[in-house]
Amino acid sequence: MNPEKDFSPLTPSIVRALNDKLYEKRKVAALEIEKLVREFVAQNSAAQIKHVIQTLSVEFALSQHPHSRKGGLIGLAACSIALGKDSGLYLKELIEPVLTCFGDADSRLRYYACEALYNIVKVARGAIVPHFNVLFDGLSKLAADPDPNVKSGSELLDRLLKDIVTESSRFDLVSFIPLLRERIYSNNQYARQFIISWILVLESVPDINLLDYLPEVLDGLFQILGDNSKEIRKMCEMALGEFLKEIKKTPANVKFAEMANILVIHCQASDDLIQLTAMCWMREFIQLAGRVMLPYSSGILTAVLPCLSYDDRKKNIKEVAAVCNQSLMKLVTPEDDEADEGREPLPAPQREAGQEEAGPKAEQPPSGESCFPSPGITQSVSPAFICSMERTCVILNLDGIVQVLDCHLHDSTTGMMTRIAVLKWLYHLYIKTPRKIFRHTDSLFPILLKTLSDDSDEVWGVSLLFFLIFNFIGF
């Protein structure tokens, strides 16, 4: 740093002390800066205050010299303390250089940056809420810092920030969700723990409705549920449990359709906890949303049917899958046999100004393509946005369902209980939707005939009963 340079209104003694390698001398300089800024506040001299902050930022906090950077950080914190309630007027200028130091290669400097920001935030309190996103972004990086002292400092700042947010009525959830959605896919354990802790905090605030944005983060939550850390898995279970409680309490406000495909993917997870949790969510969705889930029947059956043949090691998953299967089957009624073209959607309610249009309906797999999604693929999850239950009639896509059932019957590895469930589904469809299922008779008949020679007595019995009724109906 050039000793001849004029740093007024900072005195030469303050400048020397700020550049000193000893913390105690930098602290003395900070006290002098605090006194100086208090005088400017009393004089109502905003220009002088800005000049001091800019000097501390550019010439010190962003300097190439490490001791100067440390001096700049403690100086900016001193400015904030001197400003008191008026610090909110200068927060952008105070925060930005400190956050830049979060990325410094020197762990001690990162710690001092964390300490400085803690003091700035402590003074500003609610005024920092409009700057929450940049603070959260910086903190999320420090949460995974390899230095234990930096991590400890970041945790203190994190707790303070959480206290402020829970007290504030100005938290902007809409602008925060894109950042949360991006950070939730981190593979770092500490970053994941940080994310889940914030979700739990925000979910606990009555004035913050995180449920509206659950489709944005649900896939990421299920990914975190598979973390190697038991503590993180437990925290994630707790967060998902809280969301499910709220869903049961206020089902009319839930975007079931936007989350259906996400659950279908995770109901096929290789991790037992993820699969069981997703299956439990699917059970609740089918029972709470009813026919809104019918457009996703082929995907649900793809995920559920194999679970029916699980052994006792996965008894819990098997039992929940059985409930999902039965509940979904009950949703198919004779009205689904009506011609699609003869059914008109219900009139859409008037939208308020600024309200978004409902997105496109979920796409069904083209005929001839495999009905089994590739396991473990989560990056391709793209929640399908369809019209809500209040806006449209639900039309059963029988072709997609039959394709899944046919795949299971043709697959030689399909378990006995799954094959029985497939036959029961076909029987149910022949009873409830005879006209629609008739189009598939030619393709289904050969494989159904083959089930009469199945090695399993149970499958043979169901198949025989099916054919007796099949012939009685007259197909």
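This is a predicted model: local features need pLDDT of at least 70, side-chain atom pairs count only at pLDDT 80 or more; totals for chains, interfaces and linings use all residues.
Leaving aside residues up to four places away in sequence, Tyr310 touches Gln275, Ile317 and Lys318. With Gln275 there is a polar contact between the two side chains, at 3.0 Å.

Where does Tyr310 lie? It is in the loop that runs between helix H15, residues 297-304, and helix H16, residues 315-331. Also on Tyr310, its C-alpha atom is 10.0 Å from that of Met416, and the two residues are 106 apart along the chain.

Now to H15 itself. How many of its residues are buried? Eight of eight, so the helix is mostly covered.

If we take contacts between residues at least 6 apart in sequence, 75% of them join residues at least 24 apart.

Next, a helix pair. Helix H3, residues 46-61, packs with helix H4, residues 66-83, at an angle of about 160°, and their axes are 8 Å apart. Angles over 145 degrees count as roughly antiparallel, so that is how H3 runs relative to H4. The crossing of the two is left-handed.

Which residues make this contact? From H3, they are Ile49, Val52, Ile53, Leu56, Ser57, Phe60 and Ala61. From H4, they are Ser68, Arg69, Gly72, Leu73, Gly75, Leu76, Cys79 and Leu83. Sorted by class, that contact has 10 nonpolar residues, four polar and one charged.

Last, Asp106. This residue sits in the loop between helix H5, residues 91-101, and helix H6, residues 107-124. Is Asp106 buried or exposed? Its relative accessible area is 19%, and the cut-off for buried is under 20%, so Asp106 counts as buried. A polar atom of its side chain lies 2.9 Å from the backbone nitrogen of Arg108.

That is what I have on these regions.

Conventions:
Residues are numbered from 1 along each chain as its sequence is written. Side-chain values use heavy atoms; hydrogens and water are left out. Helices (H or I, at least four residues) and strands (E, at least two) are DSSP runs, numbered from the N terminus. Buried means under 20% relative accessible area, exposed over 50%, partly exposed in between (1.4 Å probe, protein chains only). A polar contact is a pair of N or O atoms within 3.5 Å; within protein, one must be able to donate a hydrogen and the other to accept it, and residues adjacent in sequence count only if both atoms are side-chain atoms. Axes are lines fitted to C-alpha atoms, for helices over the stretch in contact, and angles run from 0 to 180 degrees between N-to-C directions. Angles under 35 degrees count as roughly parallel, over 145 as roughly antiparallel, 65 to 115 as roughly perpendicular and the rest as oblique. A crossing is left-handed if the near helix is turned anticlockwise from the far one by less than a right angle, and right-handed if clockwise. Contact means heavy atoms within 4.5 Å. Ala, Val, Leu, Ile, Met, Phe, Trp, Tyr, Cys and Pro count as nonpolar, Asp, Glu, Lys and Arg as charged, and the others, Gly among them, as polar.
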